[in-house]
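Hi there,

Here is the structure I promised to pass on. Have a look at it first, and my notes follow below.

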Amino acid sequence: ACEKALRWRWALQSLETTLERHIFVDRTLLNAVISAQEKGSTWLRAVTLTMQMRRVFGCQPNVVSFNAASSACEKAYRWTSSIQLFDWAKERSIEVDTISGNALLAACRGARRWCEVLQLLEVFFVSNLFLDDLALRMALEVQLERGDRGDR
């Protein structure tokens with residue numbers, strides 16, 4: 001509900017109240033708060049909460065947690081944070097999916113990091129991951145944007 005209404009502050013306050021009252025916090029609640037942060041364009045809070053889930057709250061982040069934080073990075077054009085978060089997820093064996101890959105590609109594309117987009121597409125292709133219509137459209141956009149200049 002907080003996510004849909006763009007009420008990211010209220011979502012954080014609800015989490016704090018839950019913790020103060022020693023009510024059990026599970027991954028579903030945390031994912032909702034992370035998603036609300038993503039919708040509220042508070043990328044750093046989304047990333048921080050995702051990375052602290054296990055240590056602070058005792059539950060393992062999953063693909064939903066990762067995708068919400070990654071999408072928050074994308075919207076803020078934080079391509080380096082998006083790549084770092086992706087590496088962090090892979091190190092922790094958090095399964096990633098097409099949404100994960102597209103958010104990472106979009107963050108790099110939004111920051112006009114053409115070389116990184118193409119490198120990621122190659123990695124995804126070789127790994128047999130993430131290649132859907134959106135990823136292929138991004139590859140085409142990068143090539144068109146680069147044009148004949150051969151920008152890297």
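**The α7 and α8 pair**

In this predicted model, helix α7 (residues 114-126) packs against helix α8 (residues 133-146) at an angle of about 145 degrees, and their axes are 10 Å apart. The crossing of α7 past α8 is left-handed. On the α7 side, the residues that meet α8 are Trp114, Val117, Leu118 and Leu121. Their partners in α8 are Ala135, Ala139, Val142, Gln143, Glu145 and Arg146. By type, the residues of this contact divide into seven nonpolar, one polar and two charged.

Is Phe124 buried or exposed? With a relative accessible area of 1%, Phe124 falls under the 20% cut-off and therefore counts as buried. The C-alpha atoms of Phe124 and Ala135 are separated by 9.7 Å, and the two residues are 11 apart along the chain.

Next, a simple check on geometry. Helix α4 (residues 63-75) has 13 residues, so at 1.5 Å a residue it should span 18 Å. The C-alpha atoms at its ends are 18 Å apart, which agrees with that expectation.

Which residues of α4 are buried? They are Ser65, Phe66, Asn67, Ala68, Ala69, Ser70, Ser71, Ala72 and Cys73. The cover over these buried residues includes α2 (27-39), α3 (43-57), α5 (79-91) and α6 (98-110).

Both ends of α4 deserve a look in your viewer. Just after α4, Tyr77 takes a positive phi of about 55 degrees.

**The chain as a whole**

The chain has 152 residues, and buried residues make up 42% of them. As for contacts with a separation of 6 or more, 62% are accounted for by residues 24 or more positions apart.

Happy to talk any of this through once you have had a look.

Best wishes

Technical notes: Residues numbered from 1 in each chain as written. Predicted model: local features only at pLDDT ≥ 70, side-chain atom pairs only at ≥ 80, totals over all residues. Heavy atoms only, no water. Axes fitted to C-alpha atoms, helices over the stretch in contact; angles between N-to-C directions. Helix = DSSP H or I, 4+ residues; strand = E, 2+ residues; numbered from the N terminus. Left-handed = near helix turned anticlockwise from the far one by under 90°. Contact = heavy atoms within 4.5 Å. Nonpolar A, V, L, I, M, F, W, Y, C, P; charged D, E, K, R; others polar. Expected span 1.5 Å × (residues − 1). Buried < 20%, exposed > 50% of the residue type's maximum accessible area, 1.4 Å probe, protein only.
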